[in-house]
Amino acid sequence: MADGAGGGWGRRTVLRRSALLAGGAALGAAGTSQTTWIADRRLPLAGGPASATLGSRHQQVGAGVVEVAWGVPTAERLVALTFDDGPQPRWTPMVLDTLEQHRVPATFFLVGARARQHAALVRDRLGRHEVGNHSWGHHDLARMDAHTAYDDLRRSHDAIATATGQAPRLLRPPWGHLGGAVLHAAARLNYRLVLWTLQMVEGEFPNDPAGHARRIVADVQPGTILLGHDVGTDKRLVALRGLPDIITGLRDRGYSFVTVSQLLRRAPAS
């Protein structure tokens with residue numbers, strides 16, 4: 001039946017409406033990821049998350065250079081242990097106790113709000129360690145505009161410096177998410193951006209700290225920056241309970257432990 005006053009649906013109308021329904025079902029199946037993709041396309045560019053510049057006047061960006069490191073190419077058997085998201089009372093003391101027992105340095109990327117709340121956990125316990133900035137509240141810096149990202153990191157910077165007595169010089173953004181605003185804020189604060197070469201894989205070794213340790217020891221290569229956490233769900237305890245085995249296993253392979261900054265100083269000149 002043709003479209004018209006009779007009120008029926010013609011073949012063309014049925015096909016068109018079927019296509020619309022199918023398209024809607026497909027969009028629904030895509031779920032959050034599709035919605036996020038659409039939202040990301042509409043993020044502002046000028047001064048927004050995607051932009052690494054701010055305004056039309058002189059850029060206030062410290063030394064004007066940002067370095068990003070995943071690891072260091074070196075023949076030396078060096079590895080840098082890093083721990084994100086702390087400090088918190090439940091696990092941070094466990095990590096510090098293990099590192100102290102084995103005389104191993106590490107780099108802690110601290111969340112500013114937690115550093116302020118739990119300053120007593122780390123005060124006077126970081127003599128061989130270093131600290132980095134991991135944002136104020138562990139929100140996604142890559143979705144913030146340039147001003148907001150800078151304010152977040154500046155607030156966290158000050159809280160970490162007050163709590164630990166160390167002013168952080170390294171930044172690891174939550175989840176490793178980079179964006180133009182993150183780069184701009186890092187430059188303003190004269191930070192080096194630090195990601196990682198290898199991370200703990202606790203979910204692959206439930207209730208098997210020794211197995212997890214063997215996996216990590218086997219995967220480390222010279223110049224590795226190893227990511228762990230001293231905050232999280234109980235499954236992450238697999239890595240922390242196996243930390244002594246990771247340390248002894250790597251030492252048996254001839255590895256020495258350094259902080260991230262010590263490792264970066266071994267990088268070849270450009």
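## A strand pairing to start from

The mean pLDDT of the protein chain is 87, and 82% of its residues reach 70 or more.

Residues 1–8 are another matter. Their pLDDT stays under 50. The model has 8 contacts beyond four places in sequence for this stretch. Where pLDDT is low, predicted coordinates should not be read in detail.

Strand β2 is mostly covered, with 7 of its 7 residues buried. Leu 78, Ala 80, Thr 82 and Asp 84 point one way. Val 79, Leu 81 and Phe 83 point the other way. Residues on both sides of β2 are buried.

β2 and β8 run parallel and are joined by 6 bridges. There, Asp 84 has His 229 of β8 as its bridge partner. β2 and β9 (residues 256–258) also pair in the parallel sense, over 3 bridges. In that pairing, Val 79 stands opposite Phe 257.

## Gly 228 in strand β8

Gly 228 is found in β8 (residues 224–229). Is Gly 228 buried or exposed? Its relative accessibility is 1%, so Gly 228 counts as buried.

Which residues does Gly 228 contact, leaving aside neighbours within four places in sequence? They are Thr 82, Phe 83, Asp 84 and Met 200. Gly 228 and Leu 198 are 30 residues apart in sequence. In space, they are 9.2 Å apart, C-alpha to C-alpha.

## Helix α2

β2, α2 and β3 make a right-handed β-α-β unit. Helix α2 covers residues 92–102. Its buried residues are Thr 92, Val 95, Leu 96, Thr 98, Leu 99 and His 102. Seen down the axis of α2, they fall within an arc of 160 degrees, so they line one face of the helix.

What do the buried residues of α2 pack against? Their partners are β2, β3, α4 (119–122), α8 (237–241) and α9 (243–252). Just after α2, Arg 103 takes a positive phi of about 55 degrees.

## The nonpolar cores

The largest nonpolar core has 38 residues. Leu 81, Phe 83, Leu 99, Phe 108, Ile 216 and Leu 250 have the most contacts inside it. Several elements give two or more residues to this core, including β2, α2, β3, α5 (146–164) and α7 (209–219). A second, separate core has 14 residues, among them Leu 141, Met 144, Ala 146 and Ala 185. In soluble globular proteins, nonpolar side chains tend to be buried together.

Take Phe 108 as an example. Not counting residues up to four places away in sequence, Phe 108 touches residues including Phe 83, Val 95, Leu 96 and Leu 99. Its list also includes His 129, Glu 130, Gly 132 and Asp 230.

## Helix α6

Helix α6 (residues 180–188) is mostly covered. How many of its 9 residues are buried? The number is 7. They are Gly 180, Ala 181, Val 182, His 184, Ala 185, Ala 186 and Ala 187.

These buried residues of α6 pack against α5, β5 (170–171) and β6 (192–194). Just after α6, Asn 190 takes a positive phi of about 55 degrees.

Note on methods. Residues are numbered from 1 along each chain as its sequence is written. This is a predicted model: local features need pLDDT of at least 70, side-chain atom pairs count only at pLDDT 80 or more; totals for chains, interfaces and linings use all residues. Side-chain values use heavy atoms; hydrogens and water are left out. Buried means under 20% relative accessible area, exposed over 50%, partly exposed in between (1.4 Å probe, protein chains only). Helices (H or I, at least four residues) and strands (E, at least two) are DSSP runs, numbered from the N terminus. The arc is that of the directions from the helix axis to the C-beta atoms. Contact means heavy atoms within 4.5 Å. A nonpolar core is a set of buried Ala, Val, Leu, Ile, Met, Phe, Trp, Tyr and Cys residues joined through side-chain atoms within 4.5 Å. pLDDT is the predictor's confidence in each residue, from 0 to 100. Two strands pair if DSSP finds at least two bridges between them. A crossover is right-handed if, with the strands pointing away from the viewer, the path from the first strand over the helix to the second runs clockwise.
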